[in-house]
Amino acid sequence: MRSRRIVLPLAVTLLAATPSASVASGGAAYVPQAGKLSTRSGGSAPPAARSSTDAASGAAPRYRDRAAAQRTSRERPVRGRSRRPRGRLRPRLRPARVVAFNISQQRLYLGGPALRVSLRVAGRGGPWRVELQASPAIAGARTAAARSSIELGVARANRDLAATVTPEALSPTGGEVILRPRLATARGARVPLANLPAVAVRVLANAFPLRGPWRLPGPDGRFGAPRADHRHEGQDLVAAEGTPVVAPAAGQVVRVAYQPGGAGHYVVLRDPRMRRDYVFMHLRERSITVVEGQTVATGARIAEVGSTGRSSGPHLHFEVWVGRWRDGGRPIDPLPLLETWARNEGLGPDAGR
Ligand SMILES: [Zn+2]
């Protein structure tokens with residue numbers, strides 16, 4: 001009968017110190033949990049390689065006494081990596097099954113909150129090193145170079161493994177990616193999966209600034225529309241009072257102020273990545289949840305739509321400045337950006353969320 005020894009790395013060393021502890025059973029040797037062995041192991045441990053040499057000899061381990069054999073056989077065996085001698089076929093790893101694979105959200109923003117991933121693996125063997133493989137969902141982009149693997153941690157059988165992954169790790173420039181878990185042994189050997197779960201997430205570079213239904217107003221609300229003493233420096237978006245206003249990009253709040261005869265309650269957000277300032281005006285009284293100097297994540301709520309200042313009804317006046325707002329920068333037409341952001345989020349006028 002050929003003895004196949006299945007051990008954990010720590011157990012190997014401990015086993016070498018107490019060679020009588022292994023139990024032959026059905027052609028495979030099991031090692032009790034390392035923690036239980038450790039109380040009985042003393043002195044210096046021989047090199048771990050010795051135990052695999054032992055296994056290579058093909059001889060079943062012997063016990064010093066019957067009591068030791070009975071004691072260890074009652075202990076729960078732990079199966080780990082197969083350690084067969086070199087020169088033979090590579091060990092056939094037992095397939096594992098991912099019985100739960102959950103993500104916190106399907107839409108992520110660069111500069112926004114991290115994705116929370118939890119999964120549970122069932123099967124004999126383990127612990128397993130778990131990676132999350134992210135592949136672009138675009139046809140033709142499924143190349144190894146475009147794929148990225150993110151270490152999630154070590155999973156034990158039937159226990160939840162929870163991890164967080166930044167949107168940048170999933171897709172540095174944004175896009176749709178398919179996420180699949182991959183399992184490996186502690187030494188990196190790929191463990192086959194009996195099932196192949198996958199989920200799709202969308203990583204967006206920017207958030208549309210409104211979370212709720214909106215529509216474009218008439219020509220008077222367009223960028224550049226003439227006013228009595230100046231030109232309209234932003235784009236108006238009509239939305240109900242109280243509609244949440246969110247940060248289109250991660251950045252720092254550089255101004256929170258009130259201008260009774262004009263902007264009303266307003267906020268200026270600086271986006272260092274794009275070197276742009278975003279301005280939000282006519283915000284609802286007491287709805288602003290950020291303060292000057294605060295940094296915000298992409299998609300973070302900053303205020304609500306209102307009608308403060310010189311305004312004829314609830315709407316968001318939104319400006320985009322290349323450079324600094326009223327400090328060397330210049331305003332640009334926000335509409336192309338707004339249309340792109342809305343399209344990327346699957347939001348159209350009158351169909352926001
Ligand atoms: Zn306006």
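Predicted model: local features only at pLDDT ≥ 70, side-chain atom pairs only at ≥ 80, totals over all residues.

**Reading the model feature by feature**

A: Glu304 has a relative accessibility of 16% and counts as buried, because the cut-off for that class is under 20%.

Q: Is Arg301, at 44% relative accessibility, buried or partly exposed?

A: Arg301 counts as partly exposed, whereas Glu304 counts as buried.

Q: How far apart are the closest N and O atoms of Glu241 and Arg284, and where in the chain do the two residues lie?

A: The closest N and O atoms of this salt bridge are 3.3 Å apart. The pair links distant parts of the chain, with Glu241 in the loop between strand 16 and strand 17 (244-246) and Arg284 in the loop between strand 20 (276-283) and strand 21 (295-296), 43 residues apart. Glu241 counts as partly exposed at 41% relative accessibility, and Arg284 is partly exposed as well, with a relative accessible area of 32%.

Q: How many salt bridges does a search of the whole structure find?

A: The search finds twelve, and one that can be read in the same way is formed by the side chains of Arg129 and Glu151, at 3.4 Å from N to O. Here too the pair links distant parts of the chain, since Arg129 belongs to strand 9 (residues 128-136) and Glu151 to strand 10 (residues 148-155), 22 residues apart. Arg129 is partly exposed, with a relative accessible area of 29%, and Glu151 counts as partly exposed at 48% relative accessibility.

Q: Turning to the metal, which protein donors does the zinc ion have?

A: The protein donors of the zinc ion are His232 (NE2), Asp236 (OD) and His317 (ND1), lying 2.1 Å from it, and along the chain they follow the spacing H-x3-D-x80-H. Asp236 lies in strand 16 (residues 235-239) and His317 in strand 23 (residues 315-322), so this pair ties together parts that are 81 residues apart in sequence. Both Asp236 and His317 are buried.

Q: What is the volume of the largest pocket, and which residues are the closest to its centre?

A: The largest pocket has a volume of about 690 Å³. It is lined by 29 residues, of which Arg227, His232, His282, Arg310 and His317 are the closest to its centre; among them, His232 and His317 are also donors of the zinc ion. Strand 16, strand 20 and strand 23 each supply at least two residues of the lining, and the largest share, three residues, comes from strand 23.

Q: Where does the pLDDT stay under 50, and what does the chain average?

A: Such values call for a careful reading, residue by residue. The chain averages a pLDDT of 80, and 71% of the residues score at least 70. Over residues 1-65, however, the pLDDT stays under 50, and for this stretch the model has 107 contacts beyond four places in sequence. The pLDDT is also below 50 over residues 71-77, a stretch with 13 contacts in the model beyond near neighbours in sequence.

Notes: Residues numbered from 1 in each chain as written. Heavy atoms only, no water. pLDDT = per-residue confidence, 0-100. Contact = heavy atoms within 4.5 Å. Donors = N, O, S within 2.8 Å, 3.2 Å for Na, K, Ca; no water. Helix = DSSP H or I, 4+ residues; strand = E, 2+ residues; numbered from the N terminus. Buried < 20%, exposed > 50% of the residue type's maximum accessible area, 1.4 Å probe, protein only. Salt bridge = Lys/Arg side-chain N within 4 Å of Asp/Glu carboxyl O. 1 Å grid on protein atoms, 1.4 Å probe; cavity = no way out; pocket = protein on both sides within 12 Å on 5 of 7 lines; lining within 4 Å. Points joined across faces, edges and corners; volume = space filled by probe spheres on them.
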